[in-house]
Amino acid sequence: TMLQSYFFEGFLKDRFEPEEHIEDWRSVGQEAWQIARGPIPGPVHLNLRFDEPLYFEGKDIPETLKPIGELHYAFQEKVLPNFPPKLLVLAGQLPKSLAQAIRPMLEQGISQGLNFWGDISSHLWDLSPFGAYPEWLWNQKNPSQMPEAILVIGGTLLPRRWDAFVQSNPKVRWFQALHFGPSSPRFHPNTQCLDLALPELMNQLSLKDWKTIDMPKAMPPLPEGWHDLSAAALFLQSLKEGDALHLGNSMSIRYASFLRHLLPESVEVWCNRGLSGIDGIQSTACGHAAARPDQRQFVLTGDLAMNYDNNGWLSSPKPPPMTQMVLNNNGGQIFRLLPGSSKAAQSEQLFATPSQGDFKWLAQRFGWEYLSSDGMPVVSTSIPNEQSLLWEAKTQPQCSKEAWEAWHKSILEQKA
């Protein structure tokens, strides 16, 4: 899901990255094993490329999603390119301190027409209230709504399909600020990397006049009924200024990104992203609560992630009270939404991995208050913070899938 060729550089004895269609995989594996177990044992990175499961298979993979060779980076030392007027800045995952440092320059640039969209993990998400902008942009055919260049700052970007967009629009120039090294998109060649400190780069961008790209101003209303989206919306609306929100991966972070307009602007959003993002969600939240007992802590996660990571509740000393909603749709909902899920045999059993049951036992085990909702509950959105609360939203997978797809369709049909 991300460029891994040199991910462990500096910590390895050797690295193997066989060609995509190599036939003798066994000999490559044997050579890697022999080096790893040699006279001086050490780690070896064997990077095997596979098609992403449940997206497309075999000949059905669109040309825009196929790897097109090694990435080539053209470096510029301390030189700001002559960006075209319709520049789009994308902010991926950023440390809070760095986001705070560049925020004033970004706000100045936005006031002068700079186009900006921030990932929910960027600590700059509130500067781009239309959370579904990437999906909306990818669906546009009007050249006037297309950026002439894109500059990526920060790390992981969600959603990840920017690679298909830039390959489908070769006239759009792609730049990467090197503060965090090369990142998305994975398959775009000739990315121009800028070796400039991020505050310096943002300061220079704030001094120019830009041409604004029209985009929708508001999200369409949610589909009626009880489903993942309505449950997540109810939970997010309970947050107040200054609260901290921790997000599980897959659909939890996507729901929050699309529903960001429901959050107070000063809410801190935290999430574990990267190679193994599902690891440590609960531990991160418990550690944050222990470090910031004066701040209310909220967690939105799914049942699969909660089953995987609830050992984080064993943290000692016991963290201060926090509030968690677990979206119990009986499995990994994202695997039911991928385009190839209906064609893949046993995708429900092997990918969604439904587990049945609820989480009342978990709340009882750790002495948390427990609230279960299988429909729009009659509860106050002012959640007390005297005791930890586990709020379990029980939803039907098919109903949640239909609601997500219907809302997504209405978003793409929005007019700027």
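First, some ground rules. What you see is a predicted model, where local features need pLDDT of at least 70 and side-chain atom pairs count only at pLDDT 80 or more, while totals for chains, interfaces and linings use all residues. Residues are numbered from 1 along each chain as its sequence is written, and side-chain values use heavy atoms, with hydrogens and water left out.

Let's start with the sheet. Six strands make an open sheet with parallel pairing, and their order is β10-β9-β11-β12-β14-β13. At the edges sit β10 (268–271) and β13 (369–373), each of which pairs on one side only. On average, neighbouring strands here are turned by 20 degrees against each other, direction ignored. A word on terms: strands are DSSP runs of E with at least two residues, helices are runs of H or I with at least four, and both are numbered from the N terminus. Two strands count as paired if DSSP finds at least two bridges between them. For the angles, axes are lines fitted to C-alpha atoms, for helices over the stretch in contact, and angles run from 0 to 180 degrees between N-to-C directions.

Now back to my opening question.

Next, please find β12, residues 323–328. Is this strand enclosed or open? Six of its six residues are buried, so β12 is largely enclosed by the rest of the structure. Buried means under 20% relative accessible area, exposed means over 50%, and partly exposed lies in between, using a 1.4 Å probe and protein chains only. In a regular strand, side chains alternate between the two faces of the sheet. You can follow that in β12: Thr323, Met325 and Leu327 point one way, while Gln324, Val326 and Asn328 point the other.

Take Gln324 as your landmark: it is the bridge partner of Val299, and in β14 its bridge partner is Leu390. Between β11 and β12 comes helix α9 (residues 303–309), and together they make a right-handed β-α-β unit. Right-handed means that, with the strands pointing away from the viewer, the path from the first strand over the helix to the second runs clockwise.

Last topic: salt bridges. Side chains of opposite charge can pair when their charged atoms come close. We count a side-chain nitrogen of Lys or Arg within 4 Å of a carboxyl oxygen of Asp or Glu, and the whole structure has 10 of them.

One of them joins Lys96 and Glu268, with the closest N and O atoms 2.4 Å apart. Lys96 lies in helix α2 (residues 96–111) and Glu268 in strand β10, 172 residues apart, linking distant parts of the chain. Lys96 is partly exposed at 25%, whereas Glu268 is buried at 11%.

Another pairs Glu107 with Arg103, at 3.8 Å from N to O. They are four residues apart in helix α2, so about one helical turn separates them. Finally, salt bridges with shared partners join Lys96, Glu268, Arg292 and Asp294 into one network.
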